[in-house]
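Below is a short briefing on one structure. Please look it over alongside the notes that follow.

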Amino acid sequence: MPLQRSQIWEYMDVIVLIAALLLTTWLALKKRSRQGLVWMSVFSLAYFGFFREGCICSVGSVQNVALSLFNQSYSIPFTALLFFMIPLIFALISGRVFCAGVCPLGAIQELTGYKPVRLPKAVESVLAAVPFIYLALAILFAALESQFIICRYDPFVGIFRLDAPYTMIIFGALLLISGIFINRPYCRYLCPYGVLLNIFSRFSRRHLTITPAECTNCRLCENVCPYDAILPSDMGLSSEEPEKSRKKLFLYLLLIPVFAVAGALIFRNLGPALAGIRQEVRLAREIRMEIETGTEAVSKDAVAFKEAGKTEDELFAEELMIIERFRKASPWAGVFLGLSLGFSLVALTVRTTRTEYVPHRGKCYSCGRCFKYCPVEVKKPS
Amino acid sequence: MKLTEKDISILKTISLIAGIFTIIVALTMVFSLIQLKAIDPLDNPALTGIKEQFDADPENALKAEQVRAMDLMARKAYFASRRQVETGSYFLLAGAIIFILCQQLISGNEKILPDIPGPKPDDQAQRNKKISYMLASVTVITGIAIVSSFMLRSNLPDLAIKEPGKSKAERVPGASTAAGFNPDGTNYPFFRGQDSRGIAGGLGYPVNWNGEEERNIKWKLMIPKDGKSSPVIWGDKLFVTGAEGTLCEVYCINKNTGEIIWTAAASGIPGEPSVIPEMDHDAGMAVSTAAANSDAVCAIFANGNLICLDHDGNRNWAINLETPENIYGYSCSLIIYNDLLLVQYDSNEKISLMGFDIASGEMKWETMRRGRAAWSSPVIGNFNGEPQVIINGNPYVSGYNPVSGTELWAVECMTGDVAPSVAVNSTLTYAVTDYARLAAIKPGRGASIVWEDNMFTPDVSSPVATDDLLFLATGNGDVACYDAIKGDTLWTYYFMDQFYASPVIADDKVWILNRSGIMNIVKADSKYELIAQSPLGEASDCTPAFSDGKIYIRGRRNLYCISEN
């Protein structure tokens with residue numbers, strides 16, 4: 001954990017964040033400079049990554065917000081709230097410019113990924129569900145004052161601080177190595193904040209475009225996005241009957257509440273198991289095992305518990321209270337996942353008409369890799 | 001940036017060299033990390049062997065020295081390996097940055113070969129395929145979730161039979177202080193009260209007052225001479241110190257009326273320097289808090305003057321301990337154990353703990369401490385029936401026998417300017433300082449750190465602990481509550497102003513005075529609950545005293561008695 005910083009420096013971080021977002025927006029939307037975005041990534045990696053040691057970051061701030069919403073005794077630091085909100089506000093204005101060159105986690109992957117390989121669609125579909133699950137669990141655990149899992153399992157923070165448990169260093173190194181070929185693996189298959197940016201960016205007022213002027217439908221950019229975030233033009237010539245599409249749309253709309261209820265039931269059942277993330281629950285299991293089997297509990301927590309002089313009844317009562325809290329809260333994580341699935345299916349069923357190749361507003365990281373593949377040029381008046 | 005063929009060729013060569021260098025450094029580091037993982041400096045067989053011999057013969061000074069030497073050697077070897085890994089990290093990083101930059105420059109100048117795709121894919125067909133994949137993966141994930149929910153529940157208690165017992169499960173920790181520690185409701189004899197633990201006895205202290213409006217202010221007295229020392233109380237008498245130039249004084253004040261009963265000079269002691277010692281301009285000569293018992297009151301000043309008076313202001317004895325030279329000035333407060341006055345003497349020349357016979361002023365013992373000067377004060381703890389004086393030092397947090405002065409244990413864990421004193425409860429000692437760490441230490445032979453954190457680290461204010469909770473207030477304005485046993489942060493609150501005064505627990509509340517003189521009163525609980533914020537009307541860095549339902553706070557100029565009656 002980096003040392004506490006004075007308030008003025010925390011506000012300086014916010015100023016740097018806003019300035020970096022403004023500059024990235026200009027580079028992506030107006031200047032259309034891929035090189036500029038790369039240098040922006042270098043700066044963000046240096047400042048937010050190595051200088052600020054990855055803390056505070058917008059990705060982890062999700063948990064601060066969740067904790068403050070569900071726990072009145074926790075007062076969220078104002079800067080943490082700003083770090084959570086500002087990238088989302090920019091996503092509503094200009095798309096995921098935060099991912100393009102400001103997020104240090106995205107920057108380190110952007111700089112190391114340069115031989116993109118496309119994953120099979122089936123694998124991509126399975127992995128794309130992980131960030132939603134990760135976000136649901138992160139909010140659940142933070143709200144129940146259990147753990148900040150996003151921070152704890154941040155794969156790159158160990159690299160930023162040059163200090164971390166071995167497992168996390170190995171995890172971070174593996175992600176970076178795999179990222180050479182499967183670009184931005186953390187952003188695509190893990191980042192919980194990316195889920196929120198994805199949703200907000202879909203409603204963005206402006207967004208990066210592949211072509212600087214009118215698209216000629218030359219198809220040169222069709223396969224260049226390593227994130228599969230380019231939507232081809234579609235002049236309404238769908239192979240599927242409109243009636244069939246309509247029926248599917250209604251079916252999925254009806255299924256939304258069903259998915260939500262199913263998710264709630266599954267997570268209610270998972271609640272007690274998820275409570276195992278709490279040290280008190282694990283300790284209670286260890287002590288119960290000692291009572292039942294005679295195997296001496298030797299973990300540090302068990303030794304501390306025995307020395308503290310608390311009774312086993314108190315420990316078990318605390319365990320039951322925690323499990324009960326998880327049982328009450330976990331279904332909401334299931335509802336969120338069920339709704340996410342339902343709305344994703346609806347979005348895939350809605351028929352659209354596009355006359356140009358455009359970036360997928362939710363998935364596009366505004367990295368500008370596609371710029372150089374577009375042959376259209378805007379000639380400046382001499 | 002446009003590059004020529006030659007430039008790209010040079011970049012490729014640099015990139016190749018950087019890549020090979022990075023791989024070699026990475027492999028070396030992996031090897032070092034594996035080696036480090038295997039090394040546990042405290043589990044070295046040779047060290048363990050000597051420790052066992054020492055345990056069998058604890059009086060053997062030679063063996064003790066051998067243990068220390070071996071321990072130091074093992075730790076040095078361990079930290080040397082760690083430094084190697086840290087240095088390697090920087091090399092690795094540098095190599096990787098050069099490699100990446102070169103590759104980025106090369107790829108930015110690569111010629112784009114037009115990729116003519118095949119037949120245009122049917123968008124709707126692709127969407128349908130995606131829906132199929134999504135449904136298939138959701139089915140798989142759901143299946144895994146259902147199966148694992150049953151598998152992982154196997155070692156949980158039977159929830160159907162037992163209902164959570166609210167009375168025990170919702171037991172609020174914090175209501176108790178430390179087992180066996182029952183502070184007096186009248187006497188508040190040392191800095192931070194009885195045993196210097198920061199816990200006061202008594203009930204019914206006022207929570208609402210306003211110094212400017214004189215609301216609930218029973219009396220207010222301008223202290224004749226300035227000082228940063230805090231008030232201490234014995235019976236109806238309140239003692240406080242002050243100084244102006246080289247003139248040092250002790251004041252005895254009637255705690256009920258606010259009248260000065262007597263003033264005793266603490267200057268003119270043989271050996272005292274004629275000039276004020278060099279110190280931080282904000283400190284002054286009277287920073288150390290006095291100590292009182294039923295017969296005497298003792299005070300120490302930054303010029304080394306140590307004085308012991310009876311309760312009528314007559315001088316029992318006085319000596320000069322030589323001026324403690326240190327950059328901020330001397331600030332260690334006094335404490336009394338039975339008939340011994342304990343002095344933590346911290347100077348650039350030497351650091352020690354001295355025991356003086358309180359009746360005669362004779363020095364009974366002096367134990368030289370290891371490390372560098374600190375600005376903390378001694379605290380008395382009691383662990384397993386054994387009383388100990390505990391000092392937060394640099395780098396050692398150490399425990400001493402209060403009767404003989406013998407060092408009982410020491411843990412090397414602090415660094416920098418150590419000003420906060422330790423907090424103790426019935427099982428653990430909590431040491432902290434800014435830019436270092438907060439460490440919960442299990443005291444005794446083989447003392448070790450049970451948990452540690454570095455998120456909230458006060459620079460001046462001392463922490464306070466009950467058996468369940470630990471509270472601390474930082475120089476940045478944060479107040480944090482930790483689970484005293486496990487080290488979890490239970491709540492934090494940012495109060496916007498600095499804290500120098502130490503928090504005190506009294507009447508199930510934590511009283512936290514900020515530098516502007518606003519007392520923030522929160523419930524001594526695992527949940528944050530602000531009870532009141534009451535302004536003194538002037539700035540203060542002194543720790544308040546609590547006695548018989550009244551609170552005594554020394555401001556920058558005045559001493560206040562706060563009472564609802």
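In what order do the 4 strands of the open sheet in chain B lie? The order is β2-β3-β4-β5, with antiparallel pairing. This is a predicted model, in which local features need pLDDT of at least 70 and side-chain atom pairs count only at pLDDT 80 or more, while totals for chains, interfaces and linings use all residues. Residues are numbered from 1 along each chain as its sequence is written, and chains are lettered from A and ligands numbered from 1 in the order in which they are written.

**Sheet in chain B**

- At the edges of the sheet are β2 (232-234) and β5 (260-265) of chain B, each pairing on one side only; two strands pair if DSSP finds at least two bridges between them.
- On average, neighbouring strands of this sheet are turned by 25° against each other, direction ignored.
- β4 (residues 247-254) of chain B pairs with β5(B) in the antiparallel sense over 5 bridges.
- Opposite B:I260 in β5(B) stands B:I253.

**Nonpolar core**

- The largest nonpolar core has 248 residues, and B:F239, B:V250, B:A290, B:A291, B:L341 and B:Y430 touch the most other members.
- Its largest share, 13 residues, is supplied by helix α17 (residues 312-349) of chain A.
- Such a core is a set of buried Ala, Val, Leu, Ile, Met, Phe, Trp, Tyr and Cys residues joined through C-beta atoms within 7 Å.
- A residue is buried if 20 or more other C-beta atoms lie within 10 Å of its own, exposed if 12 or fewer, and partly exposed in between; C-beta atoms are placed from the backbone.
- Leaving aside neighbours within four places in sequence, the contacts (C-beta atoms within 7 Å) of B:F239 include B:P231, B:V232, B:V250 and B:A290.

**Helices**

- Helices (H or I, at least four residues) and strands (E, at least two) are DSSP runs, numbered from the N terminus.
- Helix α2 (residues 45-56) of chain B has 12 residues and reaches 17 Å from its first C-alpha to its last.
- In chain A, the axes of α15 (residues 279-293) and α16 (residues 300-308) come within 10 Å and cross at roughly 80°.
- That makes α15(A) roughly perpendicular to α16(A), a term for angles of 65 to 115 degrees.
- Making this contact are A:Q279, A:L283, A:E286 and A:I287 of α15(A) with A:D301, A:A302 and A:F305 of α16(A).

**Chain B overall**

- Chain B holds 5 helices and 32 strands.
- Of its 565 residues, 43% are buried.

Methods
Axes fitted to C-alpha atoms, helices over the stretch in contact; angles between N-to-C directions. Contact = placed C-beta atoms within 7 Å. Expected span 1.5 Å × (residues − 1). Parallel < 35°, antiparallel > 145°, perpendicular 65-115°, else oblique.
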